[in-house]
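This report looks at one residue and its surroundings, then at helix packing and a sheet. The model is a predicted one.

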Amino acid sequence: MTVNRRHSEATYQAALTAGEDPMIKARDLKALHQRWAEGTQIPSVVRPVVARSWGRAGAQVNDIVPLAAVALQERRESNDELSSLVGLFKDRLLPLATQAGNQLVISDSQGYVLWVLGPSMVRRRSDGIGFVAGARWRESDVGTNGIGAAMAERAPVQIFGPEHAREEQHSWVCTSAPLSNPGNSSLVGAVTLAGSYRTAHPHSLALVSSVAREAQSVLRTEHLLRMQRLELTTSLPETEYLLVDTQGSVATSRGYDVDGRISIPAGMEEGRQWVAGVGAVDVQRILGGWLLQRAHEEITLELNDSLIHQAVVHSTSGPTRIGLSAKHWQIVQLLAACPTGVSSVTLQNLWPAGTASVTIRAELSRLRAKLPGLIASRPYRLVVPVIRGGLI
């Protein structure tokens with residue numbers, strides 16, 4: 001299915017304007033939903049955020065099977081970030097939600113509902129559609145809904161009545177805002193106010209958005225405190241190093257020019273490792289993270305000629321495969337063919353005439369970040385031996 005045309009929209013777009021009759025709105029949307037569900041194009045009058053969600057998710061008919069009580073409790077107890085915010089959400093949202101006949105719903109980064117709080121009458125209604133603690137409400141699970149759309153858009157969303165994909169949700173309005181950890185940009189979850197579509201109001205979107213921003217400010221402060229504790233409690237070496245938490249956020253460093261976060265390899269262990277964007281390091285596990293010290297060792301770069309452009313960095317810690325874009329592959333091939341180096345003028349020949357030099361420098365910077373320590377500049381050249389591999 002396709003969307004007829006795209007609309008410009010504000011960052012936050014409420015489902016109803018002030019004073020708009022929710023019953024008339026629901027009736028009009030019902031006809032649009034039916035046209036879409038029958039397989040026709042998404043009507044152009046559908047709100048852009050809803051049209052995108054309809055296009056992503058389709059009309060889902062999957063059964064909703066909540067987690068068992070034990071698994072649900074494990075998720076709650078293991079999610080320190082969300083657990084630390086429950087009190088804030090209760091203080092800021094629950095009193096107003098109760099007065100408006102809404103319930104407060106807190107879900108994790110995978111779309112699992114962890115807490116449902118609010119009037120028992122509303123909760124009984126939500127039980128009937130599977131909107132319960134332990135259920136997963138991503139778009140891929142239940143189609144268009146507030147939680148799933150907010151997570152996919154990474155922006156506050158209000159989904160009203162028949163904008164929901166499933167008909168049993170058409171009497172609901174869900175106002176959701178995603179929660180991100182500013183320290184590492186990871187998605188933490190979503191906070192939602194949900195109730196009868198007759199309670200829909202644009203102020204709900206503003207309220208939920210404001211509280212989500214406050215929650216993210218709390219997460220930012222907690223992250224900074226963790227980084228400070230990590231630095232203060234770690235004995236730092238005199239050599240070049242990176243001190244990072246378990247998620248790769250950099251607390252402090254010496255001799256490295258890195259952004260605020262690095263990509264920690266899956267299954268990181270102590271000893272010699274190759275870390276993307278960092279290079280060869282000696283890894284030491286510390287309380288709350290990792291200490292990475294630069295390792296000086298013999299490294300070779302293998303270039304495999306295959307349909308998949310791939311470089312393989314060989315070090316004492318083993319091979320590390322690094323996928324390259326077509327342009328990055330062209331650059332590496334040129335550097336490998338010219339061991340004494342190439343000038344920026346020569347590299348410009350890989351781009352169409354007239355390409356801005358800033359574009360070329362940015363592409364080279366991205367490639368050097370993928371192959372840290374392997375490409376020198378002035379002139380650009382590979383500083384490790386190159387071997388040619390066969391098909392992978």
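Gly-289 belongs to strand 10, which covers residues 289–294. Its relative accessible area is 3%. That is under 20%, so Gly-289 counts as buried.

Beyond its neighbours within four places in sequence, Gly-289 touches Leu-230, Val-244, Asp-245, Thr-246 and Gln-284. Gly-248 sits 41 residues away along the chain, yet the two C-alpha atoms are 8.0 Å apart.

## Helix 2 against helix 8

Helix 2 (residues 48–57) packs on helix 8 (residues 146–153). The axes are 11 Å apart and meet at an angle of about 95°. Helix 2 is therefore roughly perpendicular to helix 8.

Helix 2 contributes Val-49, Arg-52, Ser-53 and Arg-56 to the contact. Helix 8 contributes Ala-149, Ala-152 and Glu-153. By type, the contact residues are 3 nonpolar, 1 polar and 3 charged.

Five strands form an open sheet in the order 2-1-5-4-3, paired antiparallel. Strand 2 (113–117) and strand 3 (157–160) are the edges, each pairing on one side only. Neighbouring strands are turned by 20° against each other on average, direction ignored.

Strand 4 (residues 172–181) and strand 5 (residues 186–196) run antiparallel and are joined by 10 bridges.

Methods
Residues are numbered from 1 along each chain as its sequence is written. This is a predicted model: local features need pLDDT of at least 70, side-chain atom pairs count only at pLDDT 80 or more; totals for chains, interfaces and linings use all residues. Side-chain values use heavy atoms; hydrogens and water are left out. Helices (H or I, at least four residues) and strands (E, at least two) are DSSP runs, numbered from the N terminus. Buried means under 20% relative accessible area, exposed over 50%, partly exposed in between (1.4 Å probe, protein chains only). Contact means heavy atoms within 4.5 Å. Axes are lines fitted to C-alpha atoms, for helices over the stretch in contact, and angles run from 0 to 180 degrees between N-to-C directions. Angles under 35 degrees count as roughly parallel, over 145 as roughly antiparallel, 65 to 115 as roughly perpendicular and the rest as oblique. Ala, Val, Leu, Ile, Met, Phe, Trp, Tyr, Cys and Pro count as nonpolar, Asp, Glu, Lys and Arg as charged, and the others, Gly among them, as polar. Two strands pair if DSSP finds at least two bridges between them.
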